[in-house]
Amino acid sequence: MAERRVRSIGVAGPGQPVLLDDMEPEPGPGQAWVATEWSGISAGTEVALVRGTDPHHRLGWNPDLRSFGVSAPDGYPKRSLGYMEVGRVTESYADALPVGSRVAMAYGHRTGRCADPTGTTVIPVPDDLDPLLAIYLAQMGPICVNGLLHAAAALAGPGASLDAGVRDRHVLITGAGVIGLLTALLAVRHGAAAVAVAEPSRERRAVTESLGLDAVDDADGRGWLEVKRRWRHGPGDAGADVVLQCRGHDIALATALKALRPQGVVVDLGFYQAGAEAVRLGEEFHHNGLALVCAQIGRVPRGMAAAWTRTALAAATLDLLRDRGEQIRTSLVTDVLPFEDGPDFLADLAGRRLASPPLQAVLQFGPG
């Protein structure tokens with residue numbers, strides 16, 4: 001099979017992101033070549049891979065048993081990072097992918113990709129959307145939409161509409177990172193009675209408020225108390241109906257559980273890389289009859305896969321970007337830098353050497 005040389009960002013070893021020479025198959029019938037224009041950095045996931053704190057590196061994953069600790073850990077080099085790419089079609093053998101059109105995909109920080117719509121999700125980018133914002137179409141936005149779907153399934157059952165978990169409900173978001181803020185905006189868009197975002201960082205609370213969202217100070221881990229005081233439903237019944245937990249820290253999960261009203265639900269979108277010592281399952285979780293659900297982008301709720309393909313999740317994301325795109329671009333995108341600077345930026349991010357940690361950093365690619 002003929003191949004084409006590309007450049008990508010990988011990890012040579014712990015703390016060592018690098019530019020790599022890589023190969024991609026030449027496009028054939030039904031396929032197209034996509035030259036990358038933008039690629040978003042997912043700070044939590046990518047920093048874990050750079051540092052080697054991802055569970056795959058520490059414990060090893062057995063895909064048959066779907067369990068950690070019974071297979072050899074992943075090693076280095078790691079040849080690809082990233083999952084938020086936007087590119088322009090420069091060569092095409094697929095009627096649905098005309099030359100000059102833009103598409104969003106999830107293929108990592110690399111200069112180009114052979115796009116095969118039969119084997120991967122290829123999302124057309126409409127002309128009326130800021131192409132940089134299209135980094136959210138293929139995976140990051142669907143992660144957030146999937147969180148709402150899990151809330152809907154937990155609170156209204158399989159087959160419920162996307163808004164069923166948040167409409168007319170009191171919704172708390174824990175964490176004002178990109179996932180938390182997009183999820184909060186989705187909850188507002190889909191009819192929540194009230195939405196609040198609990199966040200320890202003063203700077204990120206300011207970003208939250210710039211988006212017209214209500215920020216709760218959780219710097220001391222007691223944001224839950226403010227939520228319980230605000231949202232009182234009756235004697236012995238105060239707090240959020242649902243919490244969408246969007247930080248990979250146990251203290252955020254503890255806040256989420258404590259902030260719920262009795263029989264409430266936490267939908268967890270966080271990626272944890274350590275233990276959960278702050279979580280006390282014998283306290284509110286037990287005494288208030290709470291539920292904890294993991295929303296992971298690898299699957300939508302059971303029974304909803306036919307209706308909620310990745311393309312459908314992207315369509316719900318596009319609706320949000322069309323509605324709030326200007327604010328999202330202004331408030332969330334903090335850093336835009338050349339692709340070639342990506343390895344040094346990731347090394348500094350993983351090493352906590354950046355004076356101002358980014359909210360959303362985006363790599364920009366030159367022509368070619």
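Predicted model: local features only at pLDDT ≥ 70, side-chain atom pairs only at ≥ 80, totals over all residues.
Student: How many disulfides does a search of the whole structure find?
Tutor: A disulfide is a covalent bond between the sulfur atoms of two cysteines. For a pair to count, the two sulfur atoms must lie within 2.5 Å. Cys246 is in no disulfide, its nearest cysteine sulfur being that of Cys144 at 6.7 Å, and for the whole structure the number found is 0.

Student: How far is the sulfur of Cys294 from the closest cysteine sulfur?
Tutor: The closest cysteine sulfur to that of Cys294 belongs to Cys246. Because a disulfide requires sulfur atoms within 2.5 Å, this pair is too far apart for a bond, the separation being 12 Å.

Student: Is Cys246 buried or exposed?
Tutor: The cut-off for buried is a relative accessible area under 20%. Cys246 has a relative accessibility of 14%, so this residue counts as buried.

Student: Is Cys294 buried or exposed?
Tutor: A residue must have a relative accessible area over 50% to be called exposed. Cys294 has a value of 54%, and therefore Cys294 is exposed.

Student: Which residue's side chain is joined to that of Ser71 by a polar contact of 3.3 Å?
Tutor: Ser71, partly exposed at 24% relative accessible area, sits in the loop between strand E5 (67-68) and strand E6 (85-92). Leaving aside residues up to four places away in sequence, Ser71 touches Leu59, Gly60, Trp61 and Asn62. The C-alpha atoms of Ser71 and Trp61 are 5.8 Å apart, although 10 residues separate them along the chain. The side chain that makes the 3.3 Å polar contact with that of Ser71 belongs to Asn62.

Key
Residues numbered from 1 in each chain as written. Heavy atoms only, no water. Buried < 20%, exposed > 50% of the residue type's maximum accessible area, 1.4 Å probe, protein only. Helix = DSSP H or I, 4+ residues; strand = E, 2+ residues; numbered from the N terminus. Contact = heavy atoms within 4.5 Å. Polar contact = N/O pair within 3.5 Å; in protein donor to acceptor, adjacent residues only side chain to side chain.
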